[in-house]
Amino acid sequence: MEMQKIEQNHVTCAHVCGAGEIIADAQSALDVLMAANYELGTKNIVINKKLICERFFTLSSGLAGEILQKFINYGGRIAIYGDFTAYTSKPLKDFIYESNQGRDVFFAATEQEAVSMLAR
């Protein structure tokens, strides 16, 4: 896993890069958050959806809730970017919509849009 520091509007974000699944469960999500905090001094995470296990996007698995609860409990914020059009689940689409109305969890099409959502 690699992290790249991105700053916009005086907000620092950690862009998480790498190959394979980086976030597979709540513990690996917490590891990413703590690494960003330690290495870059931020709890704002920007990550491509390809680096998150596919089970995250099946809301009935409960994994999204576990992971996002870890972020909230530890003061983290996350913006996940990528193509979400392949998902047909109405609950997931509603979840994405509601998340984007909040302040801590965002879903975006591009990396730049994800950074902008965290930096607003």
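Predicted model: local features only at pLDDT ≥ 70, side-chain atom pairs only at ≥ 80, totals over all residues.
## Packing of H1 and H2

Two packed helices are described by the angle between their axes and the distance between the axes. Helix H1 spans residues 26–40, and its axis lies 9 Å from that of H2, at an angle of about 30°. H1 is therefore roughly parallel to H2, as angles under 35 degrees count as such. The crossing of H1 with H2 is right-handed.

On the H1 side, the contact is made by Ala-26, Ala-29, Leu-30 and Leu-33. H2 contributes Leu-63, Glu-66, Ile-67, Lys-70 and Phe-71. By residue class, this contact of H1 with H2 holds 7 nonpolar and 2 charged residues, with no polar ones.

## Gln-69 in H2

Gln-69 belongs to helix H2, which covers residues 63–73. Its relative accessible area is 43%, so Gln-69 is partly exposed; that class lies between the 20% and 50% limits.

Leu-33 is one of the H1 residues in the helix contact. The C-alpha atoms of Leu-33 and Gln-69 are 12 Å apart in space, while the two residues are separated by 36 residues in sequence.

## Asn-48 in S3

Strand S3 runs over residues 44–48 and includes Asn-48. Asn-48 counts as buried because its relative accessibility is 18%, and the class requires a value under 20%.

The side chain of Asn-48 has a polar atom 2.9 Å from the backbone nitrogen of Lys-50.

Methods. Residues numbered from 1 in each chain as written. Heavy atoms only, no water. Helix = DSSP H or I, 4+ residues; strand = E, 2+ residues; numbered from the N terminus. Buried < 20%, exposed > 50% of the residue type's maximum accessible area, 1.4 Å probe, protein only. Polar contact = N/O pair within 3.5 Å; in protein donor to acceptor, adjacent residues only side chain to side chain. Axes fitted to C-alpha atoms, helices over the stretch in contact; angles between N-to-C directions. Parallel < 35°, antiparallel > 145°, perpendicular 65-115°, else oblique. Left-handed = near helix turned anticlockwise from the far one by under 90°. Contact = heavy atoms within 4.5 Å. Nonpolar A, V, L, I, M, F, W, Y, C, P; charged D, E, K, R; others polar.
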